[in-house]
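Reader: I would like to go through some terms and see how each one is applied. Please start with the words for chain segments.

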4 protein chains.
Amino acid sequence: MADNDLAAFKEMFLIAPFIADLGMELESIGKGECIAFLNLEQRHLQQSGFVHAGVLATVADHTAGAAASTLLEAGRYVMTIEFKISFLRAAKGDRLICRARVIKPGRRFSFVEAEVSCVSSGKERLAAKASATMAILAFGNE
Amino acid sequence: MADNDLAAFKEMFLIAPFIADLGMELESIGKGECIAFLNLEQRHLQQSGFVHAGVLATVADHTAGAAASTLLEAGRYVMTIEFKISFLRAAKGDRLICRARVIKPGRRFSFVEAEVSCVSSGKERLAAKASATMAILAFGNE
Amino acid sequence: MADNDLAAFKEMFLIAPFIADLGMELESIGKGECIAFLNLEQRHLQQSGFVHAGVLATVADHTAGAAASTLLEAGRYVMTIEFKISFLRAAKGDRLICRARVIKPGRRFSFVEAEVSCVSSGKERLAAKASATMAILAFGNE
Amino acid sequence: MADNDLAAFKEMFLIAPFIADLGMELESIGKGECIAFLNLEQRHLQQSGFVHAGVLATVADHTAGAAASTLLEAGRYVMTIEFKISFLRAAKGDRLICRARVIKPGRRFSFVEAEVSCVSSGKERLAAKASATMAILAFGNE
């Protein structure tokens, strides 16, 4: 991918107001894959001091959608039909890193997985894992 | 439930910084049930103009957790192990309303469902449905 | 529904060899709804003496698919894209009853829920709950 | 693992009547991992001629449970709380192979993934992927 492609993807990633507001950023993107991160702030937390499940879910969903969107034909977009997310460890630290990968691309829907890790004192640990079904839709139709 | 109980629950609901930041509020709460809402703002949206899946997921998860917490013995708290959420209609409108209900309480786990509706021009339509497994944990143990 | 329609549906229900082999039967079917049952035998069990999770999952999936198929236009069929099933109580008894209902029909996908109860000594208790995404496909295309 | 351990595990795998009846067999088992297979017969199919979703779900669940059981302390057993399974390709062929792996072991529950592939004319293709939450319980308690 050329540098200007990555720049374009980074910009597109933030067109979603909720993602820009949350503070998520795109790290890298390629065919069927996307890595994004979120520098953690107090406002991202649960009352327990751990990252809120909704933050982990948002990061997983948006990164998964970006990964799926790299495999689209022109004039198509993706929409999440459903996802499941399992919370494997309470997340506390400086940064979330999410790696999403299309496991099975399709013409009508794609199956994508996303792993969200939390970085604390330079050490990264898996915090959550999600799997999503993404519908592939045509602009101006349905 | 006495009025001061509801006031206490409303305050507790917002102790989570992410929930206060998002703008969610508790509407009502009872044994195994909780209703919460979110007045929609531009910052809650996806690039398409629809509510971001992460917002719907956060609202569902937090309301489900509150519903489960109404059935706890003293000294216990709930933590989401996993949830699945299905997006049934693109959500656009003024307000989200979420109704969560414990389907099966347990000593170790509770199974909770949450429906998120979107209100537009006074009309309410189901936008998403989630099901969650909540672990029941004891403070200061595990 | 006319009696001969129900008879036709009952026959169709059993065209799937795995369902006939398992011993499932259709109880009733209507617009967006289906009820099926399974008289439990020793071979349906887990080593613990409880019904195997795979049996509960099969019953939920097949009944959900039948419910979704009642809302199809001619020339279409449904295929399960994914389902999640939660096991709420260990199931032991004489018979499983499954009630499936389409929560949100669609042109491309339907969202269906199925509850599986177990009848023991005439008393029925909820054993499992599933939610499924069903793709709607056209014969001879994709 | 010694050969007699594998033999013991193979025997234990089939103590579940539904698994023995289905025809599943254990291929190999190790710390946090299990591989099992099923030689496909006509009775395992859906009306379409493809493997029934319930068969794929059973194979995934049972193999995942076996993988989780390899990490238990004495006097404990596992029980599936919930699983989600996504069907990635219609499965047709001679044999299913399932590989399950514990992603996150725990004291109270384990998170396990299982991939089910279908072998046709010697070629193996991923047919379904499942993720399960397994509760870890003590015999004679709860």
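Author: Helices (H or I, at least four residues) and strands (E, at least two) are DSSP runs, numbered from the N terminus. C:Ser131 lies in one of these, strand S6 (residues 123–138) of chain C. The model is predicted, so local features need pLDDT of at least 70 and side-chain atom pairs pLDDT 80 or more, while totals for chains, interfaces and linings use all residues. Residues are numbered from 1 along each chain as its sequence is written, chains are lettered from A and ligands numbered from 1 in the order in which they are written, and side-chain values use heavy atoms, without hydrogens and water.

Reader: Why is C:Ser131 called buried?

Author: Buried means under 20% relative accessible area, exposed over 50%, and partly exposed in between (1.4 Å probe, protein chains only). The relative accessible area of C:Ser131 is 9%, so C:Ser131 is buried.

Reader: What makes the pairing of C:Ser131 and B:Lys84 a polar contact?

Author: A polar contact is a pair of N or O atoms within 3.5 Å; within protein, one must be able to donate a hydrogen and the other to accept it, and residues adjacent in sequence count only if both atoms are side-chain atoms. The side chains of C:Ser131 and B:Lys84 are joined at 2.9 Å.

Reader: Why is the pair of A:Phe83 and B:Phe87 called tilted?

Author: Rings of Phe, Tyr and Trp (its six-membered ring) pair if their centres lie within 6.5 Å; planes under 30 degrees apart count as stacked, over 60 as edge-to-face and the rest as tilted. The centres of A:Phe83 and B:Phe87 are 5.9 Å apart and the planes stand at 40°, so the pair is tilted. This pair crosses between chains, from strand S3 of chain A to strand S3 of chain B. Both A:Phe83 and B:Phe87 are buried. Ring pairs link A:Phe83, A:Phe87, B:Phe83 and B:Phe87 into a cluster.

Reader: How many aromatic pairs does a search of the whole structure find?

Author: The search finds 12 aromatic pairs over all chains. One of them is A:Phe83 with B:Phe83, tilted, with 6.1 Å centre to centre and 50° between the planes.

Reader: How many residues of chain B are in contact with chain D?

Author: Contact means heavy atoms within 4.5 Å. On that rule, 10 residues of chain B are in contact with 10 residues of chain D.

Reader: How many salt bridges are counted between chain B and chain D?

Author: A salt bridge is a side-chain nitrogen of Lys or Arg within 4 Å of a carboxyl oxygen of Asp or Glu. The count between chain B and chain D is 0.
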